[in-house]
Amino acid sequence: MPGEASMSAAIIGAAEANDIGYPQTPKSSLTLHIEAINNVCEMTGIPIKAIDGIFSAGWSPQIAEYLGLHPKYIDTTAVGGCSFEMHVHHALAAIHAGVIDVALVTHGEMGFSQRFTGGKGTGRPFGGGDPWDPGTQHTSAYGLGGAPTSYSHALNRHMARYGTTQEDFAEIAVVTREWATLNPRAVMYRKAGEGDLPPLEKGEWGGGKRGHTFGGPITVDTVMNSRPISWPIKLLDVCLVTDHGGAVLITGPELAKTSKTPPVWIAGAGESISHWNMLEMGEFTKTSASRSAAAAYKMAGMGPEDMEMAMIYDSFTVTAGITAEMLGLAPEGEGFRLWKDRHAAPGGRLPINTNGGGLSFNHSGMYGMQLLVEAYRQLSGTAEDGGFSGDPGKQTSARSCVVNGTGGSLSTTGTLVLVSDD
Amino acid sequence: MAEYTKPIPSPDPVSQPFWDGAKEGKLMLPRCDDCNRVHWYPRVICPFCHSMNIEWVEATGKGTIHTFAVQHNKGLVARGWGDEVPYVSAYIDLAEGDRMLTVLKGVDPNDPESIEIGGAVQIEFEEASEDVHIPFWRPV
Ligand SMILES: [Zn+2]
């Protein structure tokens, strides 16, 4: 029996900013937000002024002010990359409760371009570490900083506990790259200078149709031979650092009928947290996705066996591998097999990360919006028609998708079960 | 004493007994007076039973490695640690319960297979400043 809120709202459109990946000219995070919002409203035919609920990872007051909106529901949940899946959960609840009619979930992040602006334009919605904060106080002495320095501990634990290998996880990067070679929007779509492509100019980063120095297909050896970052994590186990903007609109059934683009129904939603600082993580091979997924499946009245595709946060290969286990898509210790045995690959029984993932498509720091946009594109058929961006990208015939965001240091998770319109 | 160039934690009123113990080479841990469980990091409330009766006890300083990683990338680690890559960070399961983050001493970062998850370790303290002695762990 599905829960009461199941199917009471739908994502009626999803769009990205005009420039994603490695733009030639930096745009501020705010601009990336606004471009995506404008695009999703144009795509659906729902005017910006109809938005009465704003959901973003820390940006909602700025977005409301910038657009001259006076929303009735303001949500700034910012708990890392899964924030956007949680926003969809919260928007579903708010619409189901009759509090709002049109929810905007929005994202803008200049993960790539900030290196050229010295941090200007990022908005810095997050505070720094307070030296008295216990997580900071009892970990800062040991120098761990960037996300790879902590996620590597989970990969090593998985290898020790289940006898898995670095090569097993490399398979995830290889298959995900294969998907990217089918997506012209993906940074790693193809290799620069190949065929009749002109070589990249000095200082040009490329990506997408322009090609990337390290783009195109890779093998397990390519991953294994990439430089060590935080053993056992190597460079190609790690996601990209890009720019991205994205926005989705969510409404109830009546307004969904007025959209120019088809609804993708929110059958189930759930969220959870196991810790914030990795110091407080329990068993390092398990995440709260088991709890957030249980809630989402319960609301949907569906289970992992009903899922025809999956969008799984892949900040690192280990994130995807472990999460597949937590979502019930594979037995514990065997998540990587979905990729190694090619079930997750193009033509497989359970396509995973059809956009090329955070590993090879785009990862701006928080990747949850990219998951939503791709799930919408696949389930709505908008990608089939060339997509709103004008690029093809309908890769699957899937009509149901489990979407799982992971935030922090394997800390927070948001899970959605999305289904196509009948 | 040579100048300590890596980050030095800032003790706060809640954690002060831990740092006081560290100066004497003792591992002091907060323990709940009601459920008797030890927790880490220090809190004013027990995370297991939510009692606010917390006392400090001297621990054995023994533990085992829950997991570890080898930090290779200067750009991803804090200032001061960049000069020490590769180095081995680890999460330690304390003999008394719960877990600490640390850097392992006396291990070979270039041979991670020689380091054992589940292996026994012992705490030691390094004087970073007059007030702050930082705990590190070493395989026994
Ligand atoms: Zn207690």
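B:Tyr41 sits in the loop between β1 and β2 of chain B. In this predicted model, a cis peptide bond joins B:Tyr41 to B:Trp40, with omega at about 5°. The loop between β1 (28–32) and β2 (54–58) of chain B also holds B:Phe48 and B:Asn36.

- Most peptide bonds are trans, and most residues other than glycine have a negative phi.
- A cis peptide bond links B:Val85 and B:Pro86, and its omega is about -5°.
- B:Pro86 belongs to the loop between β3 (62–71) and β4 (87–94) of chain B.
- B:Asn36 is not a glycine, yet its phi is positive, at about 65°.
- A:Asn353 is not a glycine either, and its phi is about 55°, a positive value.
- The loop between α12 (337–340) and α13 of chain A is where A:Asn353 lies.
- A:Asn353 counts as buried because its relative accessible area is 0%, under the 20% cut-off.

**The zinc site**

- Which residues hold the zinc ion? The SG atoms of B:Cys32, B:Cys35, B:Cys46 and B:Cys49 coordinate the zinc ion, at 2.3 to 2.4 Å.
- The site is tetrahedral, with angles of 102 to 116° among the 4 donor atoms.
- Along the sequence, the donor residues follow the spacing C-x2-C-x10-C-x2-C.
- B:Cys32 has 0% relative accessibility, so B:Cys32 is buried.
- B:Cys35 has 28% relative accessibility, so B:Cys35 is partly exposed.
- B:Phe48 is 13 residues from B:Cys35 along the chain, and their C-alpha atoms are 8.0 Å apart.
- B:Phe48 is partly exposed, at 35% relative accessibility.

**The cavities**

- How many cavities of 30 Å³ or more does a search of the whole structure find? The search finds 2.
- The largest cavity contains about 70 Å³ of space.
- Its lining includes A:Gln137, A:His138, A:Ala141 and A:Tyr142 from chain A. From chain B, the lining includes B:Trp19, B:Trp40 and B:Met100.
- In chain B, α1 (16–23), β5 (99–103) and β7 (133–139) each give at least two residues to this lining.
- The lining of the largest cavity has 10 nonpolar residues, 2 polar residues and no charged residues.
- The second largest cavity has a volume of about 40 Å³.
- Among the residues lining the second largest cavity are A:Arg177, A:Ile218 and A:Ser360.
- That lining divides into 5 nonpolar, 1 polar and 1 charged residue.

**A helix with a buried side**

- Helix α2 (residues 60–67) of chain A has the buried residues A:Ser60, A:Ile63 and A:Ala64.
- The exposed residues A:Glu65 and A:Tyr66 are on the face of α2(A) turned away from the buried side.

- B:Ile8 lies in the segment before α1 of chain B.
- B:Ile8 is partly exposed, with a relative accessible area of 36%.
- B:Ile8 and B:Glu124 are 116 residues apart in sequence, and 16 Å apart from C-alpha to C-alpha.

Technical notes:
Residues numbered from 1 in each chain as written. Chains lettered and ligands numbered in written order. Predicted model: local features only at pLDDT ≥ 70, side-chain atom pairs only at ≥ 80, totals over all residues. Heavy atoms only, no water. Donors = N, O, S within 2.8 Å, 3.2 Å for Na, K, Ca; no water. Tetrahedral: all angles 85-135°; square planar, octahedral: opposite > 155°, others 65-115°. Buried < 20%, exposed > 50% of the residue type's maximum accessible area, 1.4 Å probe, protein only. 1 Å grid on protein atoms, 1.4 Å probe; cavity = no way out; pocket = protein on both sides within 12 Å on 5 of 7 lines; lining within 4 Å. Points joined across faces, edges and corners; volume = space filled by probe spheres on them. Helix = DSSP H or I, 4+ residues; strand = E, 2+ residues; numbered from the N terminus. Nonpolar A, V, L, I, M, F, W, Y, C, P; charged D, E, K, R; others polar.
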